[in-house]
Structures are given as structure tokens and as C-alpha cells.
Amino acid sequence: DLVRSRGLGDVYKDSLKMEEAKQLLSSSDQLVYEIAEELGFKDSKYFISRFTEETGMSPAEYRRKKGN
């Protein structure tokens with residue numbers, strides 16, 4: 001499971017980053033790759049994958065439904 005393979009601290013940090021990503025997606029015009037970089041993800045594709053796994057929708061879908 002994810003907690004065992006990555007460690008509880010990493011899972012918690014990723015969860016916090018996803019919450020911040022949600023705020024940025026709904027309240028800013030930053031591009032997805034810019035948000036990924038700001039949150040410390042070196043690879044925007046990995047960020048998109050993690051975000052989709054966490055929320056059930058891509059960052060672009062989330063932005064359309066929740067924000068700008």
C-alpha cells in the first residue's frame with residue numbers, strides 16, 4: 001500500500017501539497033506546470049498523475065469545475 005511503500009510522512013506531505021494545488025488551481029491563472037514547480041514537483045507529469053489519483057480528476061478538470 002502507498003503508506004508502506006513511501007512512508008507516512010511522504011504521503012502526508014503529498015496530501016498537503018495537493019490541498020495547496022487545489023487552492024492555486026481554483027484561485028489563480030498559473031499554468032499547471034508552474035503550480036507543480038512551485039510545490040516542489042520536478043516532473044509536471046508526475047504531479048498530474050498524483051493529483052488525479054488524489055482527487056479523481058486532472059488539474060485541468062478540477063480548475064474547470066471548481067475555479068476560474
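Contact here means heavy atoms within 4.5 Å. Keep that cut-off in mind as you go through the views.

View 1. Residues are numbered from 1 along each chain as its sequence is written, and side-chain values use heavy atoms, with hydrogens and water left out. The chain has 5 helices and 0 strands, running α-α-α-α-α from the N terminus on. (Helices, H or I with at least four residues, and strands, E with at least two, are DSSP runs numbered from the N terminus.) Of the 68 residues, 29% count as buried. (Buried means under 20% relative accessible area, exposed means over 50%, and partly exposed is in between, using a 1.4 Å probe and protein chains only.) Take the contacts with a separation of 6 or more: 51% of them come from residues 24 or more positions apart.

**View 2. How confident is the predictor, and where?** pLDDT is the predictor's confidence in each residue, from 0 to 100. The mean for the chain is 87, and 85% of the residues reach 70 or more. Which helix has the lowest mean pLDDT among the elements? That's helix H1 (residues 2-6), at 54, while helix H3 (residues 32-38) has the highest, at 96. Where pLDDT is low, the predicted coordinates should not be read in detail.

**View 3. Asp14 and Arg50, a salt bridge between two helices.** The structure holds 3 salt bridges, and this view shows one of them, with the closest N and O atoms of Asp14 and Arg50 3.2 Å apart. The pair links distant parts of the chain: Asp14 sits in helix H2 (residues 8-27) and Arg50 in helix H4 (residues 44-55), 36 residues apart. (A salt bridge is a side-chain nitrogen of Lys or Arg within 4 Å of a carboxyl oxygen of Asp or Glu.) Side chains of opposite charge can pair when their charged atoms come close. Are these two partners buried or exposed? Both Asp14 and Arg50 are buried.

View 4. Arg50 counts as buried because its relative accessibility is 5%, whereas Glu53 is exposed, with a relative accessible area of 54%. Salt bridges that share partners join Asp14, Arg50 and Glu53 into one network.

**View 5. Lys22 and Glu19, a pair within helix H2.** The closest N and O atoms of this salt bridge are 3.0 Å apart. Lys22 and Glu19 are 3 residues apart in helix H2, so about one helical turn separates them. Lys22 counts as buried because its relative accessibility is 19%. Glu19, at 39%, counts as partly exposed.

**View 6. Met18 and the largest nonpolar core.** How many residues make up the largest nonpolar core? There are 12, including Met18, Leu24, Ile35, Phe41, Phe47 and Tyr62. The elements that give two or more residues to this core are H2, H3 and H4, and H2 gives the most, with 4 residues. (A nonpolar core is a set of buried Ala, Val, Leu, Ile, Met, Phe, Trp, Tyr and Cys residues joined through side-chain atoms within 4.5 Å.) In soluble globular proteins, nonpolar side chains tend to be buried together. Zoom in on Met18: not counting residues up to four places away in sequence, Met18 touches Phe41, Phe47, Arg50, Phe51 and Glu54.

**View 7. Glu54, a residue of helix H4.** Glu54 is found in helix H4 and is partly exposed, with a relative accessible area of 33%. Leaving aside neighbours within four places in sequence, Glu54 is in contact with Ser15 and Met18. The C-alpha atoms of Glu54 and Asp14 are separated by 9.3 Å, and the two residues are 40 residues apart along the chain.

**View 8. Ser28, in the loop between H2 and H3.** Here we leave the helices for a loop residue. Ser28 is buried, with a relative accessible area of 14%. The Ser28 side chain reaches the backbone oxygen of Leu24 at 2.7 Å and the backbone nitrogen of Gln30 at 3.3 Å.

Conventions. This is a predicted model: local features need pLDDT of at least 70, side-chain atom pairs count only at pLDDT 80 or more; totals for chains, interfaces and linings use all residues. A polar contact is a pair of N or O atoms within 3.5 Å; within protein, one must be able to donate a hydrogen and the other to accept it, and residues adjacent in sequence count only if both atoms are side-chain atoms.
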